[in-house]
Amino acid sequence: MDSEKLYASSRREGSVGSGDPIVDVLRLLRTQAVVPARVHAASPWSVRFDPYTHVKLGVVLEGECWMALDGCEPVLLRKGDFFLLNNPPSYTLASTRDPAPGQATAIHESENDGEVRIGPAADEDTYVCCIDFVFEQANASVLFDVLPPIVLVRAGDPRGALLSHLSTLTVAEMESAGVGRSLVLEHLAQLILVHMLRVHADQTDQPVGWLGALVEDGVGTALRAMHADVGRRWTLDELAAIGHMSRSAFASAFKAKVGTAPLTYLIEWRMSLARDALRTDSRSISELAAATGYESESAFSTAFRRVVGASPRHFRDEARQQARVG
């Protein structure tokens, strides 16, 4: 039997996490797609976007344009190209590489259902669609820290074929007035986000952290096993065996790829899940301790205080108080 499947089968009732690292992270972030921004433009044109503290997705549906993030070299985007912006500063989309300073149209996604038209409709040569995502800020670094400022999937990339189909569905839904439109758009946007993360993870020369580790045979197998049974009392020897590596080789490879030692990563991930559970569900601290692999509430509380800086009980009381005030 495959070792990863063997360990995954040991998940206990009441455990936290889904077992899939990408699903776990997006659930932890309470991912929400918000109103998309659609730019219909006739050259010459430029649009200025404000800084954004989460993630933006975009696709060029017609024509081409230049994207320039403050402090970065401009990037030419062509029809069918997808981009993901991680916590972007102010940036410009334009028909030319160096648009005239101060001439860009300011865009506000909340206005006109997020649609902007520049120039005569009859002369329109570019159509770009962007989607904003909002994450729960407390855990946002789990994703932000493993993504570069820009992720690009070019139209010719064979891994991007499914993205093209999803964008067609998304645009059709944007332009419809059907019942449930906002819900359908949110789910489609989530699918596009997941596929962008998958494609980026496959670009083994670029991804870092847990996302990049998923595609490594040894480290990735062990990482998925940890997520599959976060409550198991893992040892370094067990994890190395799952990755078919020696203990020392596994520890070194894991830290080089993910940035922390294997058991440190496991503790930090457990505490991320614990923080989320203390804010959002009703299980007792002792139940949460068992679900995250601790023999006693005392051991769990000690680990939680060391990582978070507060006791689980104090953290939960503060979270509930903030929720009442909010």
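Biologist: What share of the contacts in the protein with a separation of 6 or more comes from residues 24 or more positions apart?

Modeller: This is a predicted model, in which local features need pLDDT of at least 70, side-chain atom pairs count only at pLDDT 80 or more, and totals for chains, interfaces and linings use all residues. Residues are numbered from 1 along each chain as its sequence is written, and side-chain values use heavy atoms, with hydrogens and water left out. A contact means heavy atoms within 4.5 Å. Of the contacts with a separation of 6 or more, the share from residues 24 or more positions apart is 74%.

Biologist: How many helices and strands does the protein have?

Modeller: Both are DSSP runs numbered from the N terminus: helices are H or I with at least four residues, strands are E with at least two. The secondary structure comes to 13 helices and twelve strands.

Biologist: Which residues does Trp210 touch, not counting residues up to four places away in sequence?

Modeller: Trp210 is one of the residues with the most contacts inside the largest core. With those sequence neighbours left out, Trp210 touches Pro21, Ile22, Val25, Val142, Leu143, Val146, Leu223, Val258 and Tyr265.

Biologist: What kind of aromatic pair do Phe304 and Phe315 form?

Modeller: Rings of Phe, Tyr and Trp (its six-membered ring) pair if their centres lie within 6.5 Å; planes under 30 degrees apart count as stacked, over 60 as edge-to-face and the rest as tilted. Here the centres are 5.6 Å apart and the planes make 75 degrees, so the pair of Phe304 and Phe315 is edge-to-face.

Biologist: Is Phe304 buried or exposed?

Modeller: Phe304 lies in helix α12 (residues 297–308). Its relative accessible area is 0%, so Phe304 is buried.

Biologist: Which residue lies over the face of Tyr294?

Modeller: A charge sits over a ring if NZ of Lys or CZ of Arg is within 6 Å of the ring centre and within 35 degrees of the ring normal. Tyr294 is linked by ring pairs into a cluster with Phe300, Phe304 and Phe315. At 5.4 Å from the ring centre of Tyr294, the residue over its face is Arg270.

Notes
A nonpolar core is a set of buried Ala, Val, Leu, Ile, Met, Phe, Trp, Tyr and Cys residues joined through side-chain atoms within 4.5 Å. Buried means under 20% relative accessible area, exposed over 50%, partly exposed in between (1.4 Å probe, protein chains only).
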